[in-house]
Amino acid sequence: MPDNLHMGGCSCGRVRYRLCDTPLIVHACHCRMCQRLTGSTNVINVLLEAEKVVLEQGEVASQLALTPSGEGQSITRCTTCQVAIWSEYHVFSKMSGVATRFVRAGTLDRPDHFPPDVHIFTDTMQPHFLARPDVPQFPRFYDLARVWSQSSLKRLSQTKRSTQQRDRQGAATCVT
Ligand SMILES: [Zn+2]
Ligand SMILES: [Zn+2]
């Protein structure tokens with residue numbers, strides 16, 4: 001895939017990042033909090049393993065915001081223009097066992113390239129929003145095992161294994 005499909009950045013141009021793989025899944029979230037945070041009908045989040053979203057230039061800072069789960073999300077923004085680039089949803093990282101980044105699709109150089117695979121929290125979808133009828137909708141969240149592609153589920157379990165391995169090795173070096 002050409003590079004520009006995988007590159008993105010903030011509005012002032014200082015922050016540039018790269019996606020090192022295809023998305024695990026793309027969410028269109030219609031929860032009230034995403035509506036408030038974006039000032040729009042919904043957010044489009046491109047999900048990848050945290051280690052596959054690489055900051056290439058610029059300075060970012062993270063801040064905790066509320067989510068419907070109560071666990072919160074850390075929103076990472078450009079320190080100059082304050083545009084939100086990606087989030088980590090703590091409930092999702094706990095559930096999946098893997099640190100993931102939810103990259104805001106609108107910050108990609110080609111934001112149209114990764115359309116949503118699912119619409120979530122559609123119980124608060126704004127009535128004037130037109131979703132494509134062939135894209136699955138869930139009133140709140142969904143079961144990963146039923147919705148994710150086999151290759152994404154495989155990537156998730158591989159990342160979980162390598163993280164656990166690293167954790168064990170890390171612990172071993174600490175005690176010796
Ligand atoms: Zn910026
Ligand atoms: Zn949301």
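Start by selecting glycine 8 and tyrosine 17: glycine 8 stands opposite tyrosine 17, which belongs to strand β2. Keep in mind as you click around that this is a predicted model.

Now widen the selection to residues 16-19, the whole of β2. This strand is joined to β1 by 3 bridges, and the two run antiparallel.

You're looking at an open sheet of 3 strands, ordered β1-β2-β5, with antiparallel pairing. Its edges are β1, at 7-9, and β5, at 53-57, and each of these pairs on one side only. Going from one strand to the next, the twist averages 30°.

Time for the other sheet. Select residues 25-29 for β3 and 43-49 for β4: these antiparallel neighbours are held together by 5 bridges.

The open sheet here has 7 strands, in the order β6-β7-β8-β9-β4-β3-β10, and its pairing is mixed. At the edges you'll find β6 (60-65) and β10 (118-120), each pairing on one side only. Here, too, the twist averages 30° from one strand to the next.

Last stop: colour the chain by pLDDT. The mean is 91, and 94% of the residues reach 70 or more. Where pLDDT is low, the predicted coordinates should not be read in detail.

Methods: Residues are numbered from 1 along each chain as its sequence is written. Chains are lettered from A and ligands numbered from 1 in the order in which they are written. This is a predicted model: local features need pLDDT of at least 70, side-chain atom pairs count only at pLDDT 80 or more; totals for chains, interfaces and linings use all residues. pLDDT is the predictor's confidence in each residue, from 0 to 100. Two strands pair if DSSP finds at least two bridges between them. Helices (H or I, at least four residues) and strands (E, at least two) are DSSP runs, numbered from the N terminus. Axes are lines fitted to C-alpha atoms, for helices over the stretch in contact, and angles run from 0 to 180 degrees between N-to-C directions.
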